[in-house]
Amino acid sequence: MKHSIKLELIPEDRYSDYRYNVIFKGYKWDPQFEDKNTISKHVVLLDPKTVEQLKSWAEQLSIETMLMEEALLKNLFLTRELGLPGKIRKALNYASNYNRNKNVRLMRFDFHPTKTGWAISEVNSDVPGGFAEASILPEIANTYFTGYAPAENFSNIMVEAFKSKTKAAAHIAFVHATSYSDDRQVMQFLSDRFIENGMSTIFAAPDHIRWVDKKAFSILEGNECEIDGIIRFFPLEWLVSLPRTSKWKGYYDSETVSCNHPASILTQSKRLPLIWDKLNVKIPLWKELLPETKAPKAVNSQDAGWIYKPALGRVGEGISIKEAISKKELSKIEKAAHRDPKNWVSQQMFESAPIKSSNGEDYHLCLGVFTVDGKFAGFYGRISLYPCIDSKAEDIPVLVSKESVP
C-alpha cells in the first residue's frame, strides 16, 4: 500500500510557544537527548485511508501477538531460543494461569514507510513508551492546523480499559524506576489522567509491591493498601537484578489486573521469528510486514542488506545500521553478535523512504501504533535525519485529515 504522508512545519513564530506547551503541558520535562532538541518543529499529517490501514494492521498484529504468547506459555521449552535471562525463563512457569481478558494488554507496533510500502521493525510488547506524545502532543499541535484532528487519545483508552477491569475508585500502582525523571514524567502524566477519572494512584518502585494470596499490596509508608491495578513501566529483564527480598516473582502469578503482565516479554524478544513456525499459530500479517529474520550464524557478516539487533534491545540501540552509527560502534556490535549470538538476531534491512518536509529537508519516519486489548489506541510519531529511530529521534505529533485524499 502506498502511503500519503505530509510533514508540515509549525509556524516559525509559534514554535517557541509550542515547545513550552509541550514541556509544561505535555509532560516533556526533558526535551533533549544530550545536546539535541527532541521536540520536532514538524507535524505529521495523514489521510484517513492511511490511518484506517495502519489501525487495521495494528489490531490484527495485536491478536496474532497474543496468540503467540499463549502458545509459548504452553511450550516454555521454546523460550530457550528467545535470548531471555534464565531467571525470567524459570519465573514464567508461575504464569501458567495467565488470562489476557483479566489484564490490560498494551502494545506499540512501529511502522516505517519504505520504498516498497509499509514495514514494521518490531512490537514494543513489554513496556512501550510515548503515552503523552500519543495523547497531548496532537491536541497542542492541532491549534496550528485547520482541516485536521488528532486520532484516538491514548490516555482515554487506557483509563477506560482499567475502569472496565477494576472496581470503582480503584487504587492503581504506577511501577517504575523512581529515580529517573524521564520515567516519572511518563507515569505522572498517566497518573493525572487516572485521578481525573476518580481513581487513586501510587508511584512505586518494583520492590514496593508485596503479594498476599496472589494479590498486590503497597508497602509504601503512608500508602499501605491493597492494589487494584498495576501499570508497570519497568522493563521485565531489570526485575531479575532486584534483591531476592523484593519478591519480584509475584508479578508472574499475580491476580491483580496488570499492564503489562510478564507474559509480554515472550514477544518482546527480537528472536521470536526464529521459533514462531513451531507454535502452530497463524500469523500471516507478522510474516508479511516484518523483514526476514535469521540467527546471526545463518548470515555472513559481509552480506549486504543485513543488520544485527539485540534480542531485548530498546529505543533503537545496538542496531548495526551503518548510516546511523560510527565505525567504532559498528565494530562493537558485530563483535558482540559474533561472541554471543544467542542474544542477537540478523534481520534484512528495509529501505526507509525519506519523507520530504515542507522546507525541503528529508526525514525518516516511524509511526508507533498503540493497541490496548487488541484495539487501536493512538499514534506516537518520531522522525530522524538518518534511517534509524533511536534516542536522538524527535517526537512529532500526528494529525489526521478530516477529508479523504483522492
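A: Happy to. Let's begin with a term: a pocket is an open set of grid points with protein on both sides within 12 Å along at least five of seven lines. In this predicted model, the largest pocket holds about 1,000 Å³ of space.

Q: What makes a residue part of the lining of the largest pocket, and which residues are the closest to its centre?
A: A lining residue has an atom within 4 Å of a point. There are 36 residues that line the largest pocket, and D182, D183, F233, V315 and S391 are the closest to its centre. By class, the lining has 17 nonpolar, eight polar and eleven charged residues.

Q: Which element gives the most to that lining?
A: Helix α6 does, with five residues. The elements β2 (32-33), α6 (181-196), α7 (236-239) and β20 (375-384) each supply at least two residues.

Q: Why is the pair of F111 and W118 called edge-to-face?
A: The centres lie 6.4 Å apart and the planes are at 80°.

Q: How do you know whether F111 and W118 are buried or exposed?
A: Buried means under 20% relative accessible area. F111 has 0% and W118 has 7%, so each counts as buried.

Q: Why is the pair of F154 and F370 called tilted?
A: Its planes are 40° apart, with 4.6 Å centre to centre. Under 30 degrees would count as stacked and over 60 as edge-to-face, so this pair is tilted. F154 lies in helix α5 (residues 154-163) and F370 in strand β19 (residues 362-372), so the pair ties together parts that are 216 residues apart in sequence. F154 is buried at 0%, and F370 is buried at 0% too. Ring pairs also link F154 and F370 with F131 and F233 into a cluster.

Q: What makes R184 count as a charge over the ring of F203?
A: The charged end of R184 sits 3.8 Å from the ring centre, and the distance cut-off is within 6 Å. K249 lies over the face of W248, at 5.9 Å from the ring centre.

Methods:
Residues are numbered from 1 along each chain as its sequence is written. This is a predicted model: local features need pLDDT of at least 70, side-chain atom pairs count only at pLDDT 80 or more; totals for chains, interfaces and linings use all residues. Side-chain values use heavy atoms; hydrogens and water are left out. Rings of Phe, Tyr and Trp (its six-membered ring) pair if their centres lie within 6.5 Å; planes under 30 degrees apart count as stacked, over 60 as edge-to-face and the rest as tilted. Buried means under 20% relative accessible area, exposed over 50%, partly exposed in between (1.4 Å probe, protein chains only). Helices (H or I, at least four residues) and strands (E, at least two) are DSSP runs, numbered from the N terminus. A charge sits over a ring if NZ of Lys or CZ of Arg is within 6 Å of the ring centre and within 35 degrees of the ring normal. On a 1 Å grid over the protein atoms alone, a cavity is a set of points where a 1.4 Å probe fits but cannot get out, and a pocket is an open set with protein on both sides within 12 Å along at least five of seven lines; lining residues have an atom within 4 Å of a point. Grid points are joined across faces, edges and corners, and a volume is the space filled by probe spheres set on the points. Ala, Val, Leu, Ile, Met, Phe, Trp, Tyr, Cys and Pro count as nonpolar, Asp, Glu, Lys and Arg as charged, and the others, Gly among them, as polar.
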